Amino acid sequence: MRKQTAAFAAIAVAVNVAALVIIGAGEREMIHAQLDAETDRVEQRFDDVMDGYGHSFSLLVQMVENQMAADPGADGMEAFLKRMDAPLLAIEGEAFDGLYLYYQGRYLYSWDTPYSVYEESGYVATERPWYQAAVAAQGEPAFTPPYLSYANDYVLSTIAQLQPDGETVVANDLKMGDIQKAAAAPERFEGGQVVIFDEGGTVIGSTDSSYLGGNLAASADEAAAAAREAREAAQGAFASDEERAKAAGKADAAEAFAAFRRGFEGGLAALRDQPGSAQAVELDGGSWYVSLRQEGGYGFLVMAPALSAWAATATTWLVPLLLVELLLVYVLMQASRWMKNRELKAAYVELGQMQRRLEIALAAAQKDAAIDDLTGMMNVRSFRKAVTSLLGEMGEGDRGIFIMLDGDRFKAVNDTYGHDAGDEAIKLSAQMIVGRIRTVDLASRLHGDEFAIFLSGTDDYEVAQRLVRDINDTIAREAERRGVPSISLSAGAVAAARGDGYLDLSKKADAALYRAKEGHSGGFARANA
């Protein structure tokens with residue numbers, strides 16, 4: 001009896017080991033694929049931010065060019081810039097940090113700093129990086145390398161453009177805080193991190209903000225030396241408590257980055273040897289899965305702790321492993337039936353109960369992964385998957401319309417009534433959207449106060465516009481009835497046909513939405529042909 005029990009145990013161990021090896025190999029491939037997909041999302045968010053900066057800058061350049069045509073004198077241009085500083089700040093919001101230009105041999109700017117300050121410092125506009133970058137770009141908008149301003153505690157860059165006269169350069173300082181939003185922690189991996197850096201290795205966006213300003217191109221020893229230097233500087237004499245606090249904050253950040261860089265030394269070298277693919281590396285003594293990608297002068301690191309990565313992809317290995325276990329138990333039960341082994345039967349019953357618990361947990365996890373918690377609508381992940389599936393199933397003559405909607409003046413609702421009221425406005429909008437579409441259509445909350453709809457079987461923009469108008473009308477009526485704040489939804493739409501992709505449609509709809517939101521009053525715009 002003991003020999004038979006030992007033999008069965010040995011078989012069970014061997015089968016489980018083999019199953020874990022086979023399933024583990026597939027699981028690692030799935031983790032790598034999901035990390036790559038997460039890197040795609042980070043890169044897309046970053047590209048959207050940079051595109052937004054570029055679009056805003058093109059509008060500023062047009063305003064400057066119009067003023068030059070109307071009043072070409074340098075004194076008039078300087079007065080214009082100073083008049084525009086406050087309105088541009090109101091328009092651009094947190095991103096705007098000053099507009100300036102080199103014009104008719106003079107350095108003109110929008111802020112109030114006396115020009116004598118620049119004269120005394122030896123400032124020469126034509127020798128500055130922003131001017132030289134614009135000249136090198138030959139009339140195309142050019143970004144200077146971003147950097148962390150410890151004096152102001154935010155990442156700065158400059159976008160500049162050489163004008164047709166070959167001498168005038170228009171430049172706009174940008175606070176690149178939206179890059180921090182693009183570097184938000186990975187959605188799928190608990191405890192994960194994202195790091196965005198420029199071509200020189202300087203960290204310009206990070207889930208851990210203390211890494212901002214650190215340089216991944218520097219060695220661990222160089223990072224440690226920079227941290228020591230920052231700490232020594234923080235221990236010196238300062239004119240004010242504010243300067244002392246900023247120096248101490250700089251030293252704390254440098255030490256945090258040095259610790260990260262030291263723990264990442266071997267892993268970073270391995271990633272650089274095989275860029276573009278996710279790999280398992282050691283980070284600060286722990287196991288992580290990391291994806292490194294460098295494109296267009298910028299780099300993206302997406303990192304997930306090994307345990308978090310395995311948990312996030314549990315559905316790919318849990319079910320196969322469960323099936324192996326069930327099959328193994330069945331075979332052993334059949335082989336040992338003649339033994340009438342009560343203990344083995346009890347183990348089988350217990351395993352069945354465990355299977356049920358796992359199935360319940362798995363079903364709950366799958367539901368949570370597809371539904372937006374606040375509104376009960378499809379979340380962005382499940383919506384993208386569903387739309388991609390519909391596009392793939394379209395026939396030659398099938399059509400659809402992709403609509404993106406964004407709340408108008410939603411921030412004012414939050415600021416005036418509080419976030420609870422803002423959540424109620426979002427839920428009300430979601431209910432009215434779901435209530436106005438057909439069962440064959442799809443709707444999702446993408447994030448914040450942004451929604452998306454996919455209408456099947458039509459490419460008529462009039463249908464889409466009537467739908468948006470109907471949604472806004474019902475939101476207004478229902479908000480008044482319930483006594484909750486109301487928001488209107490502006491919308492951008494693009495027709496979809498066989499062969500279209502989700503990403504391309506979302507970009508076109510978003511571009512149309514940008515135009516629709518100019519009035520902030522439930523506008524509608526179709527994509528450009």
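1. In β6, the bridge partner of S157 is L174, and the strands concerned, β5 (residues 154-162) and β6, run antiparallel and are joined by seven bridges; strands are DSSP runs of E with at least two residues and helices DSSP runs of H or I with at least four, both numbered from the N terminus, and two strands pair if DSSP finds at least two bridges between them. The hairpin of β5 and β6 has six residues between the strands, and G166 takes a positive phi near 75° there. This is a predicted model, in which local features need pLDDT of at least 70 and side-chain atom pairs count only at pLDDT 80 or more, while totals for chains, interfaces and linings use all residues. Residues are numbered from 1 along each chain as its sequence is written, and side-chain values use heavy atoms, with hydrogens and water left out.

2. Strand β6 (residues 169-175) also pairs with β1 (residues 96-103), in the antiparallel sense and over five bridges, with L99 standing opposite N172 in β6. Six of the seven residues of β6 are buried, so the strand is largely enclosed by the rest of the structure; buried here means under 20% relative accessible area, exposed over 50%, and partly exposed in between, with a 1.4 Å probe and protein chains only.

3. Turning to the rings, the structure holds 21 aromatic pairs, where rings of Phe, Tyr and Trp (its six-membered ring) pair if their centres lie within 6.5 Å, and planes under 30 degrees apart count as stacked, over 60 as edge-to-face and the rest as tilted. The rings of Y107 and Y123 have centres 4.9 Å apart and planes at 35°, so this pair is tilted. Because Y107 lies in strand β2 (residues 106-109) and Y123 in the loop between α3 (115-121) and α4 (129-136), the pair ties together parts that are 16 residues apart in sequence. Y107 counts as buried, at 6% relative accessibility.

4. The pair of W130 and Y131 is edge-to-face, because the ring centres are 6.0 Å apart and the planes stand at 80°; both residues are buried. One aromatic cluster is formed by Y100, Y102, Y107, Y109, W111, Y115, Y118, Y123, W130 and Y131. The C-alpha atom of W111, a member of this cluster, is separated by 9.4 Å from that of R83, 28 residues apart along the chain. R83 lies in helix α2 (residues 74-92) and counts as exposed, at 53% relative accessibility.

5. An open sheet of five strands has the order β13-β14-β12-β15-β16, with mixed pairing. Its edge strands are β13 (442-447) and β16 (524-526), each of which pairs on one side only, and the twist averages 20° from one strand to the next. Within this sheet, seven bridges join β12 (residues 399-407) to β14 (residues 450-456), the two running antiparallel, and F402 has F454 in β14 as its bridge partner.

6. Two helices deserve a comment in relation to this sheet. Helix α12 (residues 380-393) packs on the sheet, touching β12, β13, β14 and β15 (489-497), and its direction makes about 140° with that of β13; axes are lines fitted to C-alpha atoms, for helices over the stretch in contact, and angles run from 0 to 180 degrees between N-to-C directions, with contact meaning heavy atoms within 4.5 Å. Helix α15 (residues 461-482) lies across β12, β14, β15 and β16, running at about 150° to β15.

7. For helix α16 (residues 502-516), the 15 residues should span 21 Å at 1.5 Å a residue, and the end C-alpha atoms are 21 Å apart, which agrees; the expected span is 1.5 Å times one less than the number of residues. Its buried residues are Y502, L505, S506, A509, A512, L513 and A516. Seen down the axis of α16, these fall within an arc of 130°, so they line one face of the helix, the arc being that of the directions from the helix axis to the C-beta atoms. What covers them includes α12, β12, β13, β15 and β16.

8. Helix α14 (residues 419-436) has 18 residues and reaches 26 Å from its first C-alpha to its last, close to the 26 Å expected at 1.5 Å a residue. Its buried residues include A421, G422, A425 and I426, and the cover over the buried residues of α14 includes α13 (410-417), β13, β14, α15 and β15.

9. As to overall figures, the protein has 16 helices and 16 strands, and 43% of its 529 residues count as buried.
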